[in-house]
Amino acid sequence: MGKKKGGKRLGKKQVSELLQNLFQHNPNETFSFKQIFKALKLDTHPLKMLAIDVMEEMAWDDFLLKVSDNSYKLNLKTQVQEGIFHRKANGRNSFAPDDGGTPVFVAERNSMSAMDGDRVKVSLMARRDKHIKEAMVIEIVKRAHDTIVGKLRVEKDIAFLVTADSTIVHDIIIPKRKLKGGKTDDKAVVKIIQWPDQDHKNIIGQVIDILGKTGENNAEMHAILAQYNLPYKYPKNVEEAAEKIDATITPEEIARREDFRDVFTCTIDPKDAKDFDDALSIRKTDKGLWEVGVHIADVSHYVKEGSIIDKEAYARATSIYLVDRTIPMLPERLCNFICSLRPDEEKLCYSVIFKMDDEANIKDWHLAHTVIKSNRRYAYEEVQQIIEEGKGENAELLLKLNELAKKLREARFKNGSVKFDREELHFDIDETGKPIRAYFKVSKDANKLIEEFMLLANKTVAESIGRVKKGVKAKTLPYRIHDQPDPQKLENLREFVAKFGYKVKTAGTKGAITKSLNALMSQAEGTREQNAIETVALRAMMKARYSVHNIGHYGLAFDYYTHFTSPIRRYPDMMVHRLLTKYQDGARSANKEKYEELCEHCSDMEQIAMNAERDSIKYKMVEFMADKIGNTYDAHISGIQSYGIYAQIDETHCEGMIPIRDLGNDYYDFDEKNYMIVGRRHHTKYQLGDPIRIQVARANLERKQLDFTLADD
């Protein structure tokens, strides 16, 4: 029988919840029985005895620590953890512990207004059965971001920042004096000066930058960058430091290097590229071998470690490629002029020189600082035409490079490299930044030619450091590593492709699994399910990253692999250049811990840059489709979620979502394992890869969202 308190009956469950809240909201306090009874207003003897019994059980469960016969405190050792808070628009917030354990649900009332990505301390809720189902944020250790991007709304007495981020549940108020001249509909970057707490429900901010009017191309692209805390302008002092660099190549410097100025050398890049960081040279040797030089811009000759330019490059870690612009890692004078391997200009390089036979077997190689003079700058399209027609400027040498690249590629796949040729969505844009054509690019022989020699150079320099005799410790080097696929996701792939009549191995040697995956890709090529199978296979793959702890590269089937060939646009390549130069000069191994930290930063920045690039594609996709509302298209299902299905238009590859509510009069169950949703009443199935006909319903630029409906026809 429960006891009455404040008009409601209190049982064991209610007393337990009251005690839990008291201790979790005061994680460092020790409470005596007297303080507990007073705080919880337990004023009858039976209620007090019930509370003492519950606390005994909580101590037995390790939720509480018994400090004395009549006092308790929260057991921080077992009940408090640190980790990252993930906020969800649907309220299903979660806490990911640092130890890699299972994420724990955090109700909104227990979130302390933590934002997505914040580092927090949580108190884990006590459960008698030891299954912890909830956590409560008790401290925000470090905010992930202190700036937010949005659209200003300026009213008579007050101003707000309106964001497209549905996870921000509080209003962001901006005092009028903190507007920096901003007006309604201006896109602005706002710095938070007061976060919500027990006394304040709202977020208070001040405008630190006005990006322009909402909908203007520059303002929107800068907003994407600012949203990820990425730079959208170059610091003046760094540009000034770049202006002071002496670009003169002295006779003394040339004398220290191998001279390739008289050897046929060319660059092959996208037609709109300006930063040419790699070139290829080729010539026949006296012994009938082919000498192929992979020449990489010697950026570290100009950018000294610890300099102001180097610090800025490290902070950025990568160039960012949005649809209509490049945000370079290095100042323009370096990336587009001094270091860029422009035709008919003498340039300093760090080169891997191979000697190979007609079958592309490497007979000899060496690493050298060089000076080159590119004879010709080719666009991929020009080289592709020469390959297809067999004639053109320097055709004989380019055809030989292509022939050798094909042999290298063939050997790589034979050795277990995974074959993924994904199409990429591209846009042609007018002078205002508006997309006028959407199309997809497929990698052709000209692209593969360059790719193959870059892979070879990266692999070779990694092996030169990593592959050592037994008992010898390899020197420190940042590797590009790629772990084996997730076994459970591979099993999901096996079950998924079986529905289409395909088989794939999920057990056995690494080589056998890869061979089976490649066979699957070949069999599915050109079929309607090709895209779906590639999507599920890609999901089974791990993300590649940088680390000094080498585990090899699964996707390429290389035991040793690094990034050496793009120092203009990737910081790890600069790190590798510097270490290789030091080691060539006889230096001892670099500090592993220091370089692992650098690698982690570069991996993180690469992911953030990719997210920004993806957002710019999404924005242009919605902008491109905005005047096509009501049009119908053939499409296929490209994603399945509990709240709807994603569909990709076959013609343009633009992707939108059909919400569950628009799928007809039925209740749909989400079958995550089989990538489908099934109607309970009519048993209608929608599965990944299925062809459908869609109609464009809505285009929301602010949220970068396209909504489709099923077309009547």
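**View 1. Arg 409 and Glu 451 join side chains in a salt bridge, 3.6 Å from N to O.** A salt bridge here is a side-chain nitrogen of Lys or Arg within 4 Å of a carboxyl oxygen of Asp or Glu. Arg 409 sits in helix H12 (residues 395-414) and Glu 451 in helix H13, so the contact ties together parts 42 residues apart in sequence. Helices are DSSP runs of H or I with at least four residues, strands are runs of E with at least two, and both are numbered from the N terminus. Arg 409 is buried at a relative accessible area of 13%, whereas Glu 451 is partly exposed at 36%. For those labels, buried is under 20% relative accessible area, exposed is over 50%, and partly exposed is in between (1.4 Å probe, protein chains only). Keep in mind that this is a predicted model, with local features needing pLDDT of at least 70 and side-chain atom pairs counting only at pLDDT 80 or more, while totals for chains, interfaces and linings use all residues. Residues are numbered from 1 along each chain as its sequence is written, and side-chain values use heavy atoms, leaving out hydrogens and water.

View 2. Arg 261 and Glu 346 pair up at 2.9 Å, N to O. That links distant parts of the chain, with Arg 261 in the loop between S16 and S17 and Glu 346 in strand S22 (residues 346-356), 85 residues apart. Arg 261 is partly exposed at 24% relative accessibility, and Glu 346 is partly exposed too, at 34%. Then there's Asp 707 with Arg 698, whose closest N and O atoms are 3.1 Å apart. Asp 707 counts as buried at 14%, while Arg 698 is partly exposed at 38%. For a network of salt bridges, look at Asp 358, Glu 359, Lys 400, Glu 403 and Lys 407.

**View 3. An open sheet of 7 strands, ordered S16-S23-S22-S19-S18-S17-S24 with mixed pairing.** Two strands pair if DSSP finds at least two bridges between them. S16 (258-259) and S24 (376-379) are the edge strands, each pairing on one side only. S16 runs parallel to strand S23 (residues 362-373), joined by 2 bridges, and Glu 258 has Thr 370 in S23 as its bridge partner. Helix H11 (residues 380-389) lies across S17 (265-269) and S24, at about 85° to S24. That angle is between N-to-C directions on a 0 to 180 degrees scale, using axes fitted to C-alpha atoms, for helices over the stretch in contact.

**View 4. The largest nonpolar core, with 98 residues.** Such a core is a set of buried Ala, Val, Leu, Ile, Met, Phe, Trp, Tyr and Cys residues joined through side-chain atoms within 4.5 Å. Residues with the most contacts inside it include Ile 268, Leu 330 and Phe 564. Helix H13 (residues 445-466) supplies the largest share, 10 residues. A second, separate core of 26 residues includes Met 621, Ile 649, Ile 677 and Tyr 686.

**View 5. The S32-S33 hairpin, with 4 residues between its strands.** S32 (residues 668-671) and S33 (residues 676-679) pair antiparallel over 4 bridges. Asp 671 stands opposite Met 676, and Tyr 675 in the turn has a positive phi of about 55°.

Notes:
Contact means heavy atoms within 4.5 Å.
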